[in-house]
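This briefing goes with the structure shown below. Please read the notes on confidence together with the points on individual residues.

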Amino acid sequence: MTSGKARKHNGSRKRHRRRKSGLNRRQRRILGLGLLVLTAVMLVLFAAFRAVSHEGTSRFAVSTAEIRKNGRVKITSVESFDQSYYSEEELADEIRQSVASYNQQNGSHIREGIFNVTDGVAKLELTYDSCEDYVRFNERSMFLGPVSDALAQGYDFSTAYTAVNRDDMSKILTKDNLSEQSGNLCLIVTEPLNIITQRQILYAGTNLRAASDTEADVAGEVSEDQPAIIIFR
């Protein structure tokens, strides 16, 4: 299960006021969940909160990616929500229409989960059948597959990655022993997402903090230039 590099991306109700940030009208309407509709495709923009704890499977305090053993990717988006610019109903309708449009054109590969707004915080769950569906739907970078395939596609593993057991410095991963991991899986994201897997995490990038054998939390900047990478069994 692999995906290509993300394409860079840069509205529409006239009644919405322009924010001081310079965002266009459609971006302002959907900033609460970070969902931007570009023609028939909706971009998911994860500007994760800097919270430090999980609140349960569907009640995360920050935007989170859950990687399932069957290759499915569940994204829980968590964003601030300002109803003075748009309504919860308008956003819910736009999400449903965007998912329905994608599924009609590509097959039913995206499923909607919980969507709610509580105390100014909006949460949305979308489950993708594959990493490729996530990339096509959102036009964002993500890679899920063997380390060898990631290397073949040009992903950079030159930075040392710290093992889950931070006390055992013999488990620091470097270019010299990266080949030993070529058969293991890796996940590469360019958004600040906490990561949960159903497999044991072996190594986590320096911009992640291993919370357990199966969880890694954002601990530094995550971007196209500084992707977050985990290697797992």
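## Pocket, helices and selected residues

The residues lining the largest pocket divide into eight nonpolar, nine polar and five charged; here Ala, Val, Leu, Ile, Met, Phe, Trp, Tyr, Cys and Pro count as nonpolar, Asp, Glu, Lys and Arg as charged, and the others, Gly among them, as polar. This is a predicted model, in which local features need pLDDT of at least 70, side-chain atom pairs count only at pLDDT 80 or more, and totals for chains, interfaces and linings use all residues. Residues are numbered from 1 along each chain as its sequence is written, and side-chain values use heavy atoms, with hydrogens and water left out.

**Confidence**

- The average pLDDT of the chain is 76, and 72% of the residues score at least 70; pLDDT is the predictor's confidence in each residue, from 0 to 100.
- Residues 1-59 have a pLDDT below 50, yet this stretch has 165 contacts in the model beyond near neighbours in sequence. Contact means heavy atoms within 4.5 Å.
- Where pLDDT is low, the predicted coordinates should not be read in detail.

**Largest pocket**

- The largest pocket holds about 360 Å³ of space. Its lining has 22 residues, and Asp156, Glu224, Asp225, Gln226 and Pro227 are the closest to its centre.
- A pocket is defined on a 1 Å grid over the protein atoms alone: it is an open set of points where a 1.4 Å probe fits, with protein on both sides within 12 Å along at least five of seven lines, and lining residues have an atom within 4 Å of a point. Grid points are joined across faces, edges and corners, and a volume is the space filled by probe spheres set on the points.
- Strands β7 (142-146) and β9 (185-189) each supply at least two residues of this lining. Strands (E, at least two residues) and helices (H or I, at least four) are DSSP runs, numbered from the N terminus.

- Helix α2 covers residues 88-106, and its 19 residues should span 27 Å at 1.5 Å a residue; the end C-alpha atoms are 27 Å apart, so the two values agree. The expected span is 1.5 Å times one less than the number of residues.
- Buried residues in α2 include Glu90, Leu91, Glu94, Ile95, Ser98, Val99 and Tyr102. Buried means under 20% relative accessible area, exposed over 50%, and partly exposed in between (1.4 Å probe, protein chains only).
- An α-helix has 3.6 residues a turn, so residues three or four places apart point the same way.
- Just after α2, Gly107 takes a positive phi of about 95 degrees.
- Helix α3 (residues 131-138) is mostly covered, with six of its eight residues buried: Cys131, Asp133, Tyr134, Val135, Phe137 and Asn138.

- Most residues other than glycine have a negative phi.
- Asp119 is not a glycine but has a positive phi of about 50 degrees. Asp119 sits in the loop between β5 (110-118) and β6 (121-128) and is exposed, because its relative accessible area is 77%.
- Glu139 is not a glycine either, and its phi is positive at about 55 degrees. Glu139 belongs to the loop between α3 and β7 and is buried, with a relative accessible area of 18%.

- Val222 lies in the loop between β13 and β14 (228-232) and counts as buried because its relative accessible area is 11%. Beyond four places in sequence, Val222 is in contact with Val189, Thr190, Glu191, Pro192, Asn207, Pro227 and Ala228. Val222 and Pro192 are 30 residues apart along the chain, with their C-alpha atoms separated by 5.3 Å.
- Ala211 is in the loop between β12 (208-210) and β13 (215-218). Ala211 is partly exposed, at a relative accessible area of 37%. Not counting residues up to four places away in sequence, Ala211 touches Ala216 and Asp217.
- Asp217 is part of strand β13 and is buried, at 8% relative accessibility. From C-alpha to C-alpha, Asp217 and Asn207 are 8.6 Å apart in space, and ten residues apart in sequence.
- Glu79 is in strand β4 (residues 73-80) and is buried, with a relative accessible area of 5%. The C-alpha atoms of Glu79 and Val121 are separated by 5.7 Å, although the two residues are 42 places apart along the chain.
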